[in-house]
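Colleague: I'd like to learn how to read strands, sheets and helix packing in a model. Could you walk me through a few features?

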Amino acid sequence: PGAPRHTNRLINEKSPYLLQHAHNPVDWYPWGQEAFEKAKRENKVIFLSVGYSTCHWCHVMEEESFKSKEIGEIMNKHFVCIKVDREERPDVDKVYMTFVQATSGGGGWPMSVWLTPDLKPFAGGTYFPPEDGFHRIGFRTVLLRIAEQWEENKDALLESSHRILEALRQTSEIHVQGQESPPPSKVVMDTCFQQLSRSYDEDYGGFSQSPKFPTPVNLNFLFTYWALHQTTPEGARALQMALHTLKMMAHGGIHDHICQGFHRYSTDQHWHVPHFEKMLYDQGQLAVVYSRAFQISGDEFFADVARDILLYVSRDLSDQVGGFYSAEDADSYPTTTSGEKREGAFCVWEAKELRALLPDPVEGAREGTTLGDVFMHHYGVKETGNVDPMQDPHQELKGKNVLIAQCSPELTAAKFGLEPGRLDALLQECRHRLATARAQRPRPHLDTKMLAAWNGLMISGFAQAGAALAEQGYVHRAAQAAAFLRTHLFDPTSGRLLRSCYQGKDNSVEQSAVPIQGFLEDYVFVIQALFDLYEASLEQGWLEWALHLQHMQDKLFWDPKGFAYFSNEAGDPSLLLRLKGDQDGAEPTANSVTVTNLLRAACYSGHMDWVEKAGQILAAFSERLQKIPIALPEMARATAIFHHTLKQVVICGDPQGEDTKEMLHCVRSVFSPNKVVMLADGDSAGFLYHQLPFLASLERKDGKATAYLCSNFTCSLPVTSVQELRGMLNP
């Protein structure tokens, strides 16, 4: 393409999403005072468009409407147009998504909202086609009608926006009711288990028919429920539900069998045809869940999937300086000469393509068998494509195949007369060839924005996998990313986190002219990551930073009247509502994770007011936790940890001693949701000894590494054998 005909002020932004729209004929503004003042000065409606750079329908609406000169002229004449990257500004996104969901019954991206000059919403939706159709009103029509209404019925629109805002303010408020205490853990846990059990898909795993999302929060809840009910039928069912779901996901097309990692979600019941973007937050959480599945089951299958995820992130989502990028797009050009991007083009295959890449005869198999025959049978490839037209509304996948492991290795081996052990090596050779072929295709867009919150989730993935799988390389990668956060997303002068930074030229890291301050989720996921990293590395510096950030989080976000934490700081006049997230979705909501963070912080510091805060959060969400805990499975899990009290597992020993390492390996190999781990290495000047004076009274027995199980800083008798320690760790 030649030089762009249009350039708007988004060209000065750092966000990859905003830069994607910098050459639209729309006079876009970023969220900020310049746009607000123009709307007030000219008495114009604001059109707010919110999305993210790897969003398929955002691309569609841009192609159809925002690149249209004619529609651009209507937008510029009648509106002040603002673009927001929801990943940069989750606070803005949440306020207006609350409005769209309340008024339309649905939500999603791109989000399209019309606001008064003082930022109050009065109309909204998601994707609009450019022109009127049988079932949907077109974007051009909506624009013209709203412009007409603003001219003729401005007072009515202003009154309506005021009423809507007041209603939203009342319905979105979460606060403690009177003298309410935390809800009973058993009721919450049992109700959540029953609700998940009822929605569970017995055949394919997961918790809906379609679309089907990975939902790590549900799987983590089930693991904790199993850990506390191991000898009961309910406990056995909880474990079966979680492990079956993880196996079906790993076999499915949602899992990239050639280039690793997981796609966003499956459009069908079978985990087969995915929405192809890959998000960092999914990789981080799924690395943790598959590592826990390995801890519990001992099945190497789950460890291999965790390694597969971390290989993908290390190779494709890692910045050379140490941070993690946000996402890879679903859409890409099918070939280097294509003029139009297609969803999934980077990942799907035609049967003839596979036959050409895998023509070799297979020795020892039935006569005439090629590598292609074996591979295509195992991964469900069909000559005419294996995608149901119902899952492909735009016919982008016609004649293509999404790989899905449809047979067990034993069945595939038997079909071709192969030894089962031989099949693994053959399939690995096939996958290697296909990865080489895929590398020749145009890659999808990579969102190189680096977010504190999502980097936190990924650090937890590397740290927990490193501990559970005894892979020091993963722990080292987690530490490298944490050091990146401290350098690039932390302001040592103010002691505060920043939200985002960006890949610059020549492997530099850039920051916005006015950096975006960290939100609650940034603090919560980074604090969780630092606790996980301490337990995996035993480097006390990470613990010290985590406790500092917890104090800062309390100062910036705590609601002393209604309890729990607000999602954003006070004091931004452009935000009409100060909200508290009340649903664990693709990511757990920050208040859910912070309950466990606070309990861990108390164990590492002795500050018992953090335990009180954890109880106050549970009290604020008590009604929701008792009625629909399935909406908050991570917080439901935290009620059990709060009720059972975290156990402090203290290992006294030389960090380099083999006996100490053996004990630490034992602790890390067992899934126990209500424990924290610490090493008392005898350095009385160290940070941990300063925080917890009782550690000085714990000694090694007979000169050997010794374990103590402590609760509320009161410790059990010392244990020096790994077998005894394993018995102590059972929740």
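Colleague: Let me begin with a pairing. Which residue in strand 21 does C710 stand opposite?

Modeller: C710 stands opposite C715 in strand 21. Before we go on, a word on the source: this is a predicted model, where local features need pLDDT of at least 70, side-chain atom pairs count only at pLDDT 80 or more, and totals for chains, interfaces and linings use all residues. Residues are numbered from 1 along each chain as its sequence is written, and side-chain values use heavy atoms, with hydrogens and water left out.

Colleague: How many bridges join strand 20 to strand 21?

Modeller: The general idea is that two strands pair if DSSP finds at least two bridges between them. Helices (H or I, at least four residues) and strands (E, at least two) are DSSP runs, numbered from the N terminus. Here, two bridges join strand 20 to strand 21 (residues 714-715), and the two run antiparallel.

Colleague: Is strand 20 mostly covered or mostly open?

Modeller: Buried means under 20% relative accessible area, exposed over 50%, and partly exposed in between (1.4 Å probe, protein chains only). Strand 20 (residues 706-711) is mostly covered, with five of its six residues buried. Helix 3 (residues 56-66) is largely enclosed by the rest of the structure, because eight of its 11 residues are buried. Among them are H56, C58, M61 and F66.

Colleague: What about S181: where is it placed?

Modeller: S181 lies in the loop between helix 7 (154-171) and helix 8 (185-199). S181 is partly exposed, at a relative accessible area of 47%. Leaving aside its neighbours within four places in sequence, S181 is in contact with A619 and S622.

Colleague: Last one: at what angle do helix 18 and helix 19 cross?

Modeller: Axes are lines fitted to C-alpha atoms, for helices over the stretch in contact, and angles run from 0 to 180 degrees between N-to-C directions. The axes of helix 18 (residues 472-488) and helix 19 (residues 520-537) come within 10 Å and cross at roughly 140 degrees. That makes helix 18 oblique to helix 19; under 35 degrees counts as roughly parallel, over 145 as roughly antiparallel, 65 to 115 as roughly perpendicular and the rest as oblique.

Colleague: Which residues meet there?

Modeller: From helix 18 they include V475, A482 and L485, and from helix 19 they include V526, L530 and L533. By class, the contact has nine nonpolar, two polar and no charged residues. Ala, Val, Leu, Ile, Met, Phe, Trp, Tyr, Cys and Pro count as nonpolar, Asp, Glu, Lys and Arg as charged, and the others, Gly among them, as polar.

Conventions:
Contact means heavy atoms within 4.5 Å.
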